[in-house]
Amino acid sequence: MSLSPDWAKLRADFPILNQQVHGKPLVYFDNAATSQKPRKVIEALVHYYERDNANVHRGIHELSNRATNAFEAARTRTAKFLNARSGDEIIWTRGTTEAINLVAATWGAKHLKAGDVILLTEVEHHSNLVPWQMLAQKTGAKIAYIPVTGDEGVLDLSKLDSLLTSQVKLLSMVHISNSMGSINPVAELCARAKKLGIVTLVDGAQSAGHLPVDVQAIGCDFFAFSGHKICGPTGIGALYGRTEILETMPPYQGGGEMILTVGYDKTEFKHAPHRFEAGTPDISGPIGLHAAMDYLDAIGRENIWKHDQELAHYAYDRLAGLKNIRLFGPKQNRAGLVSFLLKDVHAHDVVTLADQAGVALRGGHHCTQPLMHKLGVESTARASFYFYNTRAEVDVFVEVIKEIQKFFSA
Amino acid sequence: MFDDINDLYQQVILDHCKQPRNFHELPQCSCSAQGFNPLCGDNLKLFLTLEGDVIKDAGFTGSGCCISKASASLLTENVKGKTKAEAEQMFERVRDLVTTGKTTGDVGKLAVFAGVYKYPARVKCAILAWHALVGALKGEAAPVSTENEQT
């Protein structure tokens, strides 16, 4: 456990946070959508493009060696970040969404057939719903859902036994809900699934950069996350897959980089992970992500998690003290975000007014439309935090919410 | 705190969003159309009763943000008594107004929407009901949306 970090000093590593928006100091509370980037990550990208830029895995020249080494070092670093056994278990993708689509298109297309069941939860982001619906349409597999309870967004596991039938071939679930801030018991669920031979996928988009993640301890077969939500660049993410399962999977896309030999009639594919990475990849992305992972682990993800949770509970408690507000997500043990609705004020009006006060929120269905329907709402407003946010910012935010209530009740 | 925002949330707009006028179905309507922006959830249905070429009555139902609701409410007041051609001309004026802040000709009370163009994310809210109006007059069956397209 590292010492308690100097949060104010860390905040100064983010040039973007030091600005005014509409004449007010920026309060950036849209971290669940994307995080900001510290100078070290920006510098890593600049260094790569100014010194080392070349294509990977094919050049004999110095720059290509450097680019290849940095690209592969980032893969090994990602394995360490998730406590995977080796870099061979890390496939680069554009983000969480592509990682899940990759599993659906390869593992899913090979192993799923009519009558099989894909088990999801009711809090899933569209990225962990739509790929399975598309696959179900193609294969004739069915989708079932672990239900959630009320506004808390916590899984109701009382019916789990009846849901875990022998038809279930895959359990895919989000680690932390982006719209509720609830934390799913992924290790417990993976253990239950494993006993029945069910393959498991964890969507770690909201968790990977916020708390220590150990894919071996979770016991999942796949884990997906996005770089841009954890201080890295946009356009890069990763899929962890256990080697044993990756080796059973057909390629994702065809092209260069993923082949051993190609003939006019027949092609031999590389082993994982390169089998799944056709074409020139995003090279600067993994390099920037490497810098981000180093940066986060120097702070200590256990420290970030503590800070996230404290801020979220502080914000939740302060908002709960207001009248005419509906709060979503669990009261206890919530991740670093708060979703809410003001009585008779639409979420988009909240977000537009908050923006005028320099506070960046998100309003909408947060890509969880089925959950919003279940809750009987069209949208919510959401404040989501990261380690560079402060209690003073939460205070500004709460005052702004009070002013918004006044504005619409006048 | 929100002095600058009054150009978007004018008093008339706040009034119409809190107490929308003609906020009901018209069971005997001649035509209707749905305006739906799935991304933000604004969803309204517009009803028109025509006598010959003249809009005799207008009403709407649904839910949405303050801007979309106020816009629908003011629309129903505005188009009553207008011919189809006059209503379509008004649509064009309002579209110009909410996208540029300027328009040609008299728009009456709808001038309160002159500040919307400064908030690009909210133009789609202000114009949704007006697209539904055009859809209803043309007899379009599919819901209209103002997301991901030119207003």
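**Domains and chain contacts**

Modeller: Chain A is split into domain 1 (7-30 + 301-409) and domain 2 (42-297), with bounds from an automatic or database domain assignment. Residues are numbered from 1 along each chain as its sequence is written, while chains are lettered from A and ligands numbered from 1 in the order in which they are written. This is a predicted model, where local features need pLDDT of at least 70 and side-chain atom pairs count only at pLDDT 80 or more, while totals for chains, interfaces and linings use all residues.

Biologist: What separates the centres of domain 1 and domain 2 of chain A?

Modeller: Taken over C-alpha atoms, 28 Å. Their contact takes 25 residues from domain 1 of chain A and 22 residues from domain 2 of chain A; two residues are in contact if their C-beta atoms, placed from the backbone, lie within 7 Å.

Biologist: Which element gives the largest share on the domain 1 side?

Modeller: H11(A), with six residues of the side that touches domain 2 of chain A. Helices here are DSSP runs of H or I, at least four residues, and strands are runs of E, at least two, numbered from the N terminus. By class, that side of domain 1 of chain A has twelve nonpolar, seven polar and six charged residues. Ala, Val, Leu, Ile, Met, Phe, Trp, Tyr, Cys and Pro count as nonpolar, Asp, Glu, Lys and Arg as charged, and the others, Gly among them, as polar.

Biologist: OK, new topic. How many residues of chain A are in contact with chain B?

Modeller: 14 residues of chain A, against 13 residues of chain B. H12(A) gives the most to that side of chain A, five residues.

Biologist: And what is the strand order in the open sheet of four strands?

Modeller: E15-E16-E19-E18 in chain A, with antiparallel pairing; strands pair if DSSP finds at least two bridges between them.

Biologist: Why is one side of E15 and E18 left without a neighbour in the sheet?

Modeller: Strand E15 (325-328) and strand E18 (362-364) of chain A stand at the edges and each has a single partner strand, so one side of each has no neighbour in the sheet. E15(A) pairs with E16(A) over four bridges, and A:Arg326 stands opposite A:Leu341 in E16(A).

Biologist: Which strands does H12(A) touch?

Modeller: H12(A) packs on the sheet, touching E16, E18 and E19 of chain A, and its direction makes about 160° with that of E18(A). Axes are lines fitted to C-alpha atoms, for helices over the stretch in contact, and angles run from 0 to 180 degrees between N-to-C directions.
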